[in-house]
Amino acid sequence: MDSKRPDRRRFLKGGAALAGGLTLGAVEPVVGQLPGPEGFIKGTDELIAYGERSRFVDSVRIAHPPGSRPSPDEFGLVFHVAAPLQDSVGVITPSSLHFVGTTRGSFMPDIDPRKHRLMIHGMVDRPLTFTMEELKRLPSVTRTHFIECAGNSSRSDRRTAQETHGMTSCAEWTGVPLSVLLEEAGVKDGAPWIVCEGTEEVKGSSSIPMAKAMEDCLVAYGMNGEDLRPQQGFPLRLMVPGFEGIFHTKYLRRIKVVDRYYMTYNDYGHLTQDPDTAALGYQIGPKSLITFPSGGQELPGRGFYEISGLAWSGGGAISRVEVSTDGGRSWSDAEIKGSANRMAHTRFGFSWNWDGQETELQSRCTDELGQVQPSRAQVAEFFEVPLGPSFRVPGRDNSIQPWRVASDGSVHNAIS
Ligand SMILES: Nc1nc2c(c(=O)[nH]1)N[C@H]1C(S)=C(S)[C@@H](COP(=O)(O)O)O[C@H]1N2
Ligand SMILES: [Mo]
């Protein structure tokens with residue numbers, strides 16, 4: 001963020017210089033592997049039509065919460081699925097690795113986009129129905145945003161970043177601003193809420209304050225440069241930047257402008273019926289996660305490492321990330337990589353020279369509103385509950401995730 005090249009100075013000052021006589025890089029120049037016994041990848045029609053990753057890359061999603069019912073289950077129902085954040089680079093989650101949140105376990109609607117319609121009705125001057133073709137003729141916007149399920153929480157028995165934080169992902173979304181559609185329909189004076197409905201059995205409906213609907217919601221048909229995937233709501237979904245995942249209605253088919261808060265299946269747990277305060281209450285707090293090194297990974301030995309992680313907040317852009325390599329006793333600013341987009345995952349890095357001793361790594365972030373990510377101890381103190389092994393952060397968990405690096409290089413969840 002700071003353009004005065006703080007990174008190089010911090011790198012040198014931090015004593016993390018590569019010149020420590022350490023073991024990075026080859027001892028003598030060796031040419032990279034030539035196609036050996038494995039040979040070359042043969043072209044196929046499938047490979048030409050739609051590319052695949054290397055067979056040596058095996059990062060995959062897992063059912064969430066860990067140890068829960070399998071997904072898909074024996075009937076093919078899809079439940080919650082977590083993204084492998086420990087393997088992530090940059091800020092975009094590939095569509096095929098994006099987490100999946102399914103409120104009740106569902107077969108995915110298999111929607112023919114030519115038959116799909118979006119209806120806008122209720123307290124409007126002109127109820128409207130759009131085809132996908134009509135939506136795509138309207139002025140579009142493309143923005144990078146995270147989605148995070150409110151169930152994304154950490155605790156001592158979760159081992160990896162995927163198990164503690166895998167119910168969030170970040171993608172580039174393309175669609176029509178909801179405000180354009182609502183203005184076209186003409187919202188009647190003072191209508192305070194909208195209710196949005198999906199297509200499958202639990203509808204994925206939620207009450208959303210009108211102020212948020214007009215501010216930055218998106219009716220999205222594109223994701224990471226192509227059409228939405230079925231698991232993300234093909235052919236149309238609502239994006240409610242920074243709000244809990246459950247508001248981001250997939251398979252969107254109906255938006256009703258209403259005169260009051262409606263209690264829907266999804267609103268279990270959301271009882272803020274005042275539209276002015278709801279907006280803050282539904283927001284994901286400032287949150288960060290070290291993805292490398294993280295639980296389950298192994299450091300091959302002492303020496304230089306770039307600690308890498310993700311930070312995000314429902315309150316806007318990330319303005320600062322700090323890292324501690326001594327269990328929270330001292331903190332230093334991390335480098336924010338690229339631009340910190342609003343309500344988007346933001347990559348940070350921190351140069352570190354590991355001395356081979358057992359230690360604990362933590363990160364914490366601050367957003368553009370000045371909100372600072374709390375520790376678990378601070379959350380426990382706030383709710384006046386004891387911080388023990390059975391402590392669970394009540395509600396949405398945005399507490400600091402500590403990772404313990406053991407002297408043998410193995411990395412573990414340090415929540416105890
Ligand atoms: N129609 C519909 N929309 C839905 C859901 C659903 O089950 N059905 N799940 C919600 C929940 S709980 C979350 S966390 C997000 C997850 O979005 P994703 O599956 O694209 O990651 O979608 C929301 N929208
Ligand atoms: Mo969710």
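This is a predicted model: local features need pLDDT of at least 70, side-chain atom pairs count only at pLDDT 80 or more; totals for chains, interfaces and linings use all residues.
Ile-290 stands opposite Gly-309 in strand S14.

**Strand pairing**

S14 covers residues 303-312 and pairs with S13 in the antiparallel sense, over five bridges. Both strands belong to an open sheet of four strands, whose order is S13-S14-S18-S17 and whose pairing is antiparallel. At the edges of this sheet lie S13 (287-292) and S17 (335-336), each of which pairs on one side only. Strands of a sheet pair through backbone hydrogen bonds, in either a parallel or an antiparallel arrangement.

Strand S12, residues 254-258, has a parallel partner in strand S3, residues 117-122, with four bridges between them. Within this pair, Gly-122 has Val-257 of S12 as its bridge partner. S12 is also joined to strand S7 (residues 193-197), here by five bridges and in the antiparallel sense. Val-195 has Lys-256 of S12 as its bridge partner.

**Helix H5**

Helix H5 spans residues 178-185, and its buried residues are Leu-178, Ser-179, Leu-181, Leu-182 and Ala-185. Because these buried residues fall within an arc of 160° when H5 is seen down its axis, they line one face of the helix. In an α-helix there are 3.6 residues a turn, so residues three or four places apart point the same way. After H5 comes Gly-186, which has a positive phi, near 75°.

**Ligand site**

Ligand 1 is surrounded by 19 residues, and the closest are Phe-99, Thr-103, Glu-200, Arg-237 and Lys-250. By class, this shell consists of five nonpolar, ten polar and four charged residues.

| Side chain | Atom of ligand 1 | Distance to an N or O atom of the side chain |
|---|---|---|
| His-98 | oxygen | 3.3 Å |
| Glu-200 | nitrogen | 2.5 Å |
| Gln-232 | oxygen | 3.1 Å |

Taken alone, ligand 1 exposes 530 Å², of which the protein buries 99%.

How values were computed: Residues are numbered from 1 along each chain as its sequence is written. Chains are lettered from A and ligands numbered from 1 in the order in which they are written. Side-chain values use heavy atoms; hydrogens and water are left out. A residue is near a molecule or strand if one of its heavy atoms lies within 4 Å of it. A polar contact is a pair of N or O atoms within 3.5 Å; within protein, one must be able to donate a hydrogen and the other to accept it, and residues adjacent in sequence count only if both atoms are side-chain atoms. Accessible areas come from the Shrake-Rupley method with a 1.4 Å probe; for residues, only the protein chains shown count as cover. Ala, Val, Leu, Ile, Met, Phe, Trp, Tyr, Cys and Pro count as nonpolar, Asp, Glu, Lys and Arg as charged, and the others, Gly among them, as polar. Two strands pair if DSSP finds at least two bridges between them. Helices (H or I, at least four residues) and strands (E, at least two) are DSSP runs, numbered from the N terminus. Buried means under 20% relative accessible area, exposed over 50%, partly exposed in between (1.4 Å probe, protein chains only). The arc is that of the directions from the helix axis to the C-beta atoms.
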